[in-house]
Amino acid sequence: MDVRLANAKDAYAVRLVGLRTWPATYGPIAGADFVSYGLARWRSPEVVRRSIEDRGTFVEVARDPDANGPDGICLEKMLA
C-alpha cells in the first residue's frame with residue numbers, strides 16, 4: 001500500500017468517499033440531519049479543495065493491473 005498527499009485531481013474521489021460513507025456510518029447513530037450537516041460542512045467541494053491545498057489530505061494509491069486512472073488507480077472500481 002502506498003499513501004501520498006492528495007492533489008487537485010483527487011478532489012472528486014476524496015469527496016465521493018465521504019458522500020458514500022457518511023450516511024452508512026453516521027446515519028444510524030446520529031440521524032439524517034447530522035449526516036446532511038456534516039457533508040455540507042466537511043465534505044463540500046470547497047472544503048475538500050481547501051484541505052487538499054493545505055496539504056491536509058492523504059490518499060491510498062491502490063496499484064491495479066487493470067487501472068485506467070493516474071498513478072495506477074482503478075477509477076471504475078472507486079466510482080462503482
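The turns below cover the model, its surface, its helices and its salt bridges.

User: What kind of model is this, and how are its residues numbered?

Analyst: This is a predicted model, where local features need pLDDT of at least 70, side-chain atom pairs count only at pLDDT 80 or more, and totals for chains, interfaces and linings use all residues. Side-chain values use heavy atoms, with hydrogens and water left out, and residues are numbered from 1 along each chain as its sequence is written.

User: Which element gives the most to the nonpolar patch?

Analyst: The patch on the surface is formed by Tyr26, Ile29, Phe34, Tyr37 and Trp42, with about 530 Å² of accessible area together. Helix 1 (11–30) and helix 2 (32–42) are the elements that give two or more residues to it. A patch takes residues with over 30% relative accessible area and no salt bridge, nonpolar side chains (Val, Leu, Ile, Met, Phe, Trp, Tyr) being joined within 5 Å and like charges within 9 Å. Areas use the Shrake-Rupley method with a 1.4 Å probe, and for residues only the protein chains shown count as cover. With 3 residues, the top contributor is helix 2.

User: Is isoleucine 29 buried or exposed?

Analyst: Isoleucine 29 sits in helix 1. Buried means under 20% relative accessible area, exposed over 50%, and partly exposed in between (1.4 Å probe, protein chains only). Because its relative accessibility is 70%, isoleucine 29 counts as exposed.

User: Where does helix 1 have a kink?

Analyst: Helices here are DSSP runs (H or I, at least four residues), as are strands (E, at least two), numbered from the N terminus. The bend at a residue is the angle between axes fitted to the seven residues ending there and the seven starting there. In helix 1 a kink of about 40° comes shortly before proline 23, at tryptophan 22.

User: Which residue with a positive phi follows helix 1?

Analyst: Helix 1 is followed by a residue with phi near 95°. That residue is glycine 31.

User: Which side chain makes a polar contact with the side chain of threonine 57?

Analyst: Threonine 57 is in the loop between helix 3 (45–53) and strand 2 (58–61). At 12% relative accessibility, threonine 57 counts as buried. A polar contact is a pair of N or O atoms within 3.5 Å; within protein, one must be able to donate a hydrogen and the other to accept it, and residues adjacent in sequence count only if both atoms are side-chain atoms. At 2.5 Å, the partner is serine 51.

User: Which residue has a positive phi although it is not a glycine?

Analyst: The residue lies in the loop between helix 3 and strand 2. With a phi of about 60°, it is arginine 55.

User: Which residues are linked in a network of salt bridges?

Analyst: A salt bridge is a side-chain nitrogen of Lys or Arg within 4 Å of a carboxyl oxygen of Asp or Glu. Arginine 49 pairs with glutamate 46 at 2.3 Å and with glutamate 53 at 2.5 Å, while glutamate 46 also meets arginine 50 at 3.4 Å. The network links Glu46, Arg49, Arg50 and Glu53.

User: How many residues apart are glutamate 46 and arginine 50?

Analyst: An α-helix has 3.6 residues a turn, so residues three or four places apart point the same way. Glutamate 46 and arginine 50 are both in helix 3, separated by about one helical turn. Their spacing in residues is 4.
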